[in-house]
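Please read these points with the sequence and the model open side by side. They are grouped by place in the chain.

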Amino acid sequence: MADVFISYSRKDIAFASLLQSGLEKKAIDTWIDWEDIPPTQDWLKEVYKAIEESNAFLFIISEASLNSDICKLEITHAVDNNKRLVPIVLSDTDIQKIPKLLASKQWISFPENEGDEFQETFDKLVNAIYTDWEWIKKHTQLQVLALEWSRNGKNKSYLISGSRLKNAENWLGNNPSKEISATTEQIEFIQTSRSIENQRQRAILFSILFVLIISIGLTIYSIVQRNQAQKAEELARIRELTAQSQIFRKDDIFYSAIIGIETYQRNKILDTYSNLINLYLSSANISRIFWGHDQQVNCVQFSPNGRFLASASNDGKIILWDNNSSEMKGIPLTSQSKPILSLAFSPDSTNLVAGDADGSIAVWDVNNREIIQTVNIKNEGLVYIEEIIFDPDGKFIAVRSWDANDILFLDAKNLKIVHKLSIDTNVTSIAINPNGRIFAAGGGNGNLYLWTNDIGEDLHPMDFSRIVEPIEVSSYEITDLVFNSLDGTLAVSSLGFPTLSLFDVNNDFHSPLLIGDGSPINRLALNYSGNLLAAAANDGTITLYNTNTYQPYSKSWKASPNTITSIVFFPLGDLLSTAGLDNSFIIWTFWPPNPGRDFFVRNYSNRALYVPRSGLLLTGDLNGNVSVYEKSSLINIYIKEGHTEAITSMAINLNGDRLVTAGFDSMIYIWETNPLEKLYRIKIDLPVNEYLMSIAISPDSRYIAYILSNGMFSLWDNKEESMLVENILPNDIEVFDLEFSPNGEILALGGQDGVLSLFDVTKLKIIKTSIKAHNKGINNVTFSQSGSVIITGSRDGIINTWITDGLELYYTLSRRSRGEIEDISLLKDTTIIAIADQFGVELWDLNKDRSVAELWDSPEDYSISVDFDASGDYLVAVNKSGSVVEWKLDYQELIDSLCNLVGRNFTQEEWNLFFWDREYNQTCSNW
C-alpha cells in the first residue's frame with residue numbers, strides 16, 4: 001500500500017516528478033503513473049486499486065488536469081472511497097474553474113520551481129498528509145478489506161474477527177478527523193463481521209453447554225456463563241450502536257436520532273440515556289426536518305404571508321407545505337422535467353414562479369395549483385435559471401443564469417421580456433432593495449455591479465441606469481447579495497477572503513466594512529425585521545450576525561455536512577430554513593438560545609426550587625415575593641408577598657410541606673407550601689452591613705440554620721422558638737454553605753478556607769473537621785439520599801465526595817475545572833448530579849465518574865443554582881441575571897421530541913444496515 005496517490009496531467013509531469021521526489025525523501029511512499037498510454041479496462045482497474053490502497057489522494061490542479069478525463073475519473077473514485085483529498089493548485093491556475101467539490105477543501109497553492117517558498121509550502125503539504133495519520137491508515141486498510149469482501153460475493157471467509165474486529169469497532173467509534181468519515185462499505189463490513197463473530201461465539205457456547213450437561217452443577221455453571229456472555233455481547237452491541245449514533249450526530253441528524261432512540265428502547269442504560277439527552281440538546285434548535293423529495297433540494301421559499309412553504313429539487317418537483325401543520329399541501333407540482341433550480345413567491349403570495357435547468361420559467365397559481373404562464377428563455381442565452389426575484393410591487397421579475405452575462409426583466413403577468421442588463425462576466429447573484437430603486441448584481445470575477453432608478457413613483461426596469469463603476473469586492477466569485485430593509489445597506493459574500501462585505505448604498509457606496517471569520521460563504525439571508533443576518537459557509541456552517549453591530553449574534557452551528565444550497569428566514573418570525581445536498585430541508589429556531597425553556601419570572605430570581613410530592617415550582621424575586629408555577633406548563637399560578645426586600649436564599653424540607661426564605665430585610669419566613677401561606681417570621685438582629693446569605697431547614701422542620709455574609713452561622717429551634725446557636729464562628733470557621741443530613745442530626749458546614757466540618761445538632765458542637773481538600777471556599781454542600789456520602793463543590797472548580805462517618809475523602813471527580821462551582825443537586829435514587837458553574841449546567845454520573853450531558857453553555861451569564869424535582873423528569877436552573885430555565889429530562893419526552901423532529905422511520909433497507917439482528921419495527925410509532 002502506498003502512502004499517497006498522485007493524480008496529475010501529463011503536461012505537469014515535471015512538477016509531479018519534483019513533488020514525488022521530495023515526498024520519497026521524506027519517506028512518504030507514493031504511487032504515480034509515469035506511462036503515457038491510452039487507458040484500457042485493465043489499466044483503469046490497476047489505477048483504481050492503487051487509489052483504494054493509498055492513504056491519501058494528492059491532486060495537482062492545473063488548467064490541464066481540470067480538463068483531463070482521466071483525472072476526473074481518478075478524483076471520482078477517490079471521493080467514492082472517502083479518501084483524504086489533498087488539492088495542490090499551481091500558481092497559474094484559474095481558481096474560478098475549480099469544481100465545487102475541491103473548492104470546499106483547503107487547497108495548497110504551490111510555486112512550480114524550487115526555492116524557499118517551495119520548501120515552505122512543501123512542509124505544509126507534509127503536515128497535511130500526516131494529520132490523524134494512524135486513523136487514516138486504518139481507514140485505508142479497512143476499505144481494502146471491505147472492498148475485497150464485497151467483490152468476492154460477501155463471502156464470510158473474508159471477514160475479520162477477534163482483536164482485529166475489536167480494533168475496527170474502536171476505530172469506527174473514535175474518529176478524530178473532521179474531513180473524512182467511514183464509508184458505507186466499511187460500516188457494513190464491520191457490522192457483518194460482528195454478526196458472524198457473535199454467531200460463532202454462540203455456536204461455541206452451545207457446544208460447551210452440550211458437553212457439560214452431564215453434570216447438573218456444570219450445567220448451571222454453563223448457563224450462567226452463557227447468560228453473562230449474552231449480556232456482554234448485547235452490551236457490546238449497544239455500545240457499538242451508540243457509537244454509530246454519535247458518529248452520525250455531526251453530519252446526519254436523522255440517522256443519529258433514529259439509531260439513538262431505537263438503541264435506548266432496546267437497552268435503557270446510562271450510555272443510551274446520555275446519548276438520548278445529548279441528541280436532544282444538539283438538535284434543540286431544529287424545529288422540523290422535511291422529507292418529500294427524491295433528490296437534492298435546491299431551494300426553499302416561504303410565502304410572504306407566512307402560510308406556505310415551497311421546496312424544489314433535482315427531481316423536477318415542487319412541493320407546497322402548510323407552514324402551520326408542516327404537511328404537504330396536496331401532491332407535488334410537476335410540469336418541468338428538468339431539475340428545478342429557483343423559486344420566488346409574488347409579494348401578495350398568490351403566485352409562485354419556478355425556474356429550471358433548461359431555461360424554462362413557469363408561474364403557478366398557489367391556491368388553484370395550476371400553471372398560469374410558461375416561457376423558455378434558452379434562446380436568450382439563459383439556460384440554468386438559478387435565481388428569480390420580484391420587484392417590491394410584484395410587477396416584474398428579474399432572472400439570472402450562472403452561465404450568462406445578462407439579467408433579464410420579465411413582465412410578471414405575461415412573462416414577456418421588457419429589459420436586459422449586462423455585465424462583463426457571468427452573473428452569480430442579484431438583489432433589489434426594498435423600495436425597488438437600487439438593483440445589484442454580483443459577478444464571477446468578484447465585482448459588484450449597481451444600478452439605480454430615481455425617475456419617479458412608477459418604477460420600470462428600463463429606467464435602471466449605472467451609477468458607479470464596478471466595485472472590486474473580491475478576487476473570487478460573488479456568491480450572494482442581500483439588502484437590509486432597515487438602513488439600505490447591502491451585504492455581499494464571496495468564495496474568497498474576507499468572506500463578508502458590507503456596503504452603505506445610501507452614502508456613495510463607500511469602502512466596505514469587512515466582517516466574518518475568514519470562512520468562504522455561499523449563501524446569505526436577512527430576517528424580515530432586519531436585525532439578523534444569516535451567513536452559510538461552504539462547509540455547511542451557519543453564523544448569525546446582529547446587523548446593529550455586525551458581530552456574531554450566537555455561536556455558529558453545523559446545519560449540513562456539506563454545502564448549503566438554500567437559506568431563507570420565515571417572514572413572520574425568526575425561523576430559518578436550510579437545504580443541503582440531500583433529499584430534505586430543515587427549519588431551525590434559535591429562541592430560546594439554550595435547549596431548556598426560558599420563562600418569565602417577576603423581577604429577577606436567585607433561586608428556584610421544586611416542591612416535593614407536588615407539581616409546583618417556586619421562585620423568589622428581588623421584591624421579596626415568592627412566585628408559584630406549575631412545573632409542566634410553567635404557568636404562573638399566583639404570587640405571594642413576603643419580604644420587603646430581595647430574597648437571598650430559599651430551602652424546602654424533606655416532606656415538601658415547609659418552605660423557609662431569607663431576605664435582605666433581616667427576616668426569615670416559614671411558609672406552608674401547598675397552598676403557599678406564611679406561618680410566622682423570625683426577625684434577625686444583624687451586625688452593620690451584614691445580610692442573610694444562605695438558609696437550610698431540617699427534614700422534620702424543627703431546626704432552621706442560616707449563614708450571615710460574614711460567615712457566621714446560627715441555629716434556630718422552631719419547637720422551642722429559641723436560638724440554640726447564635727452568630728458564632730465555630731473553631732474560627734467562616735461558613736459559605738450548610739445542609740442538614742437526611743436524619744436531621746448533622747449539619748454539614750462548607751468553610752471559606754476549603755475545610756468541611758460536621759456540626760452535631762443535638763450536642764450543639766463541631767464533632768469532625770476534614771482535611772483541607774479544597775484550595776478555595778466550599779460553595780455547596782449536598783448529602784446523598786442515605787446521608788452516608790457528602791458532596792462538596794468549591795470555588796476552585798473541584799468536586800469532592802466524602803464518607804460522612806469519619807469524614808474521609810472518598811474521591812475527587814475527574815471532571816475538568818470549568819470555573820467556580822456554584823450549586824449541586826442530586827437526582828433521587830441515582831448517582832447523577834446536576835452541576836451549576838461558570839459555564840452553565842452539566843449532568844455528571846458519580847458512579848462512572850463521567851459527564852452525562854452539558855445542558856447549558858452560558859459562560860457570559862453563568863448559572864448560580866440548580867434543582868431536580870423528585871421524579872427526575874425536570875431540572876431547573878437560575879443564572880446570575882435572574883433568568884430561570886427548565887429542562888424536561890423524561891426519556892419519553894425526549895423520544896417524542898426527536899421523533900417529531902425526524903418525521904419518519906427507517907426503511908427496511910436502512911433497518912437491515914443497522915439492526916440486522918432484530919425484526920423490523922417502527923421506532924417512532926406516530927410516523
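1. Asp116 is found in helix H6, residues 116–130, where helices (H or I, at least four residues) and strands (E, at least two) are DSSP runs numbered from the N terminus. Because its relative accessibility is 73%, Asp116 counts as exposed; buried means under 20% relative accessible area, exposed over 50%, and partly exposed in between (1.4 Å probe, protein chains only).

2. This is a predicted model, in which local features need pLDDT of at least 70 and side-chain atom pairs count only at pLDDT 80 or more, while totals for chains, interfaces and linings use all residues. Residues are numbered from 1 along each chain as its sequence is written, and side-chain values use heavy atoms, with hydrogens and water left out.

3. In helix H11 (residues 253–266), 13 of the 14 residues are buried, so the helix is largely enclosed by the rest of the structure.

4. Most residues other than glycine have a negative phi, and most peptide bonds are trans.

5. A cis peptide bond, with omega about 0°, joins Asn674 and Pro675, and Pro675 is found in the loop between strands S42 (667–673) and S43 (676–683).

6. Val884, in strand S62 (residues 884–888), is buried with a relative accessible area of 0%. Val884 and Arg607 are 277 residues apart in sequence, yet 8.6 Å apart in space, C-alpha to C-alpha.
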